[in-house]
Amino acid sequence: MSLNCGIVGLPNVGKSTIFQALTSAPAEVANYPFCTIEPNVGIVYVADPRMKKIANIFGPLKVIPAVVEFVDIAGLVKGASKGEGLGNQFLGHIRSVDAIVHVVRCFDNDDIVHVHGKINPVDDIETINIELALADLEVVEKRLSNIPKLIKNQNKEISSKAKMQFPILERIKSHLEKGLPARSMGIELDEKEIIQDLNLITMKKNLYLCNVDEDAIVDGNQYVEEVRNYAKNLGEDVLVICGKLEAEISKLDTEEEKQEFLNDIGIQQSGIDVLTKTAYDMLGLRTYFTAGEKEVRAWTFQDGIKAPAAAGIIHTDFERGFIRAEVYHCEDLFKFGSEPKVKENGKFRVEGKEYIVQDGDIMHFRFNV
């Protein structure tokens, strides 16, 4: 299942440093704008303590966790929607991702230039949000100009869809003209499906990631509070991370060394692990497991899917020839200590085609093709 998050923000806010820590992949880090032109892409494992527990019980040859793809997109600047700073190219990269992680500079450092010459996180956020809103406004206005022609189309499906899109797009246009993201409008799910083909940037899930210095990693700072207040009004989430510390953690060789480092600075979990899990949840993603002596593997699915569709994530034949799913929850495995004990205690179930898969299920599929 392909899913990805785009890392966006103004130049010099720490995007590439955070990406490097996320993926341990090389991304050029320098003190000048547009250091990243082509987006860097990295695959990141989702931190899930359940995987280790399941593996400890089964003792498999391989353990394969769930993943999220992160895309490091070059810094946007004011005027990007009109092509400033290679803006059109960068906006195209953002349009192709599933969700947005918006990195905001929340630290002072005279040695790292700010493109606006001062640290003001809310202004920085609004610069990006306005450019994204303007980019979407152009798309919406173009579609609205074509609506009369589409309504007259001889194809009833095209004509009907255009009629349904028109009032929704009029509302979105009014919202975008205020520089506000479309996702803050409270559009209903069925309305989102009607305009899905426009792939609006500001309809994507969004998370603000405050990049702070070492002194603010535990208690935050005034800049972080400003971002929290801004995000609260939009109903959006905020995470705090120290890109510099995360880069140091990513260079350590063992999990023990990493945990010791975290303990020394007074935090339980690395910001990278929290970010990855938050991004996963933000996209409405859940995990089921397959488990045996050969392999324990996490499979990513969209919340609410039924058993045949979940089987199809492994292979299309599994969905096409689905007979049944043998299911138990990982918490029952942890409680009883083995699959035979789960069965003995009546927690091993046989489910059919209407079963809605739950996060943490351990599943065996029976199929015939």
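Cys 330 is buried, at 0% relative accessibility. The model is predicted. Cys 242 is also buried, with a relative accessibility of 1%. The count of disulfides is zero. Cys 242 takes part in none, and its nearest cysteine sulfur, that of Cys 106, lies 12 Å away. A disulfide would require the two sulfur atoms to be within 2.5 Å.

Helix H10 spans residues 271-282 and has 12 residues. From first C-alpha to last, H10 reaches 16 Å, close to the 16 Å expected at 1.5 Å a residue. Its buried residues are Gly 271, Ile 272, Leu 275, Thr 276, Ala 279, Tyr 280 and Met 282. In an α-helix, residues three or four places apart point the same way, because each turn takes 3.6 residues. Gly 284 follows H10 and has a positive phi, near 70°.

Strand S8 comprises residues 285-291 and is mostly covered. Six of its seven residues are buried. S8 runs antiparallel to strand S9 (residues 295-302), and seven bridges join the two. Phe 289 has Ala 298 in S9 as its bridge partner. A hairpin of three residues connects S8 to S9.

The structure holds 19 salt bridges. One of them joins the side chains of Asp 136 and Arg 95, at 3.2 Å from N to O. Asp 136 belongs to helix H4 (residues 121-151) and Arg 95 to helix H3 (residues 87-95), so the pair ties together parts that are 41 residues apart in sequence. Asp 136 is buried, with a relative accessible area of 0%.

A salt bridge also forms between Arg 286 and Asp 303, whose closest N and O atoms are 3.9 Å apart. This pair links distant parts of the chain, 17 residues apart. Arg 286 sits in strand S8, while Asp 303 sits in the loop between S9 and helix H11 (307-314). Arg 286 is partly exposed, at 23% relative accessibility.

Arg 324 and Glu 326 meet through their side chains in a salt bridge of 3.6 Å, N to O. Arg 324 is partly exposed, at 31% relative accessibility. Glu 326, in contrast, counts as buried at 11%.

On the surface, Ile 43, Tyr 45 and Val 67 form a nonpolar patch. Together they have about 310 Å² of accessible area. Ile 43 is placed in strand S2 (residues 40-45). Ile 43 counts as exposed because its relative accessibility is 52%, and the cut-off for exposed is over 50%.

Methods
Residues are numbered from 1 along each chain as its sequence is written. This is a predicted model: local features need pLDDT of at least 70, side-chain atom pairs count only at pLDDT 80 or more; totals for chains, interfaces and linings use all residues. Side-chain values use heavy atoms; hydrogens and water are left out. Patches are made of residues with over 30% relative accessible area and no salt bridge: like charges are joined within 9 Å, nonpolar side chains (Val, Leu, Ile, Met, Phe, Trp, Tyr) within 5 Å. Accessible areas come from the Shrake-Rupley method with a 1.4 Å probe; for residues, only the protein chains shown count as cover. A salt bridge is a side-chain nitrogen of Lys or Arg within 4 Å of a carboxyl oxygen of Asp or Glu. Helices (H or I, at least four residues) and strands (E, at least two) are DSSP runs, numbered from the N terminus. Buried means under 20% relative accessible area, exposed over 50%, partly exposed in between (1.4 Å probe, protein chains only). The expected span of a helix is 1.5 Å times one less than its number of residues. Two strands pair if DSSP finds at least two bridges between them.
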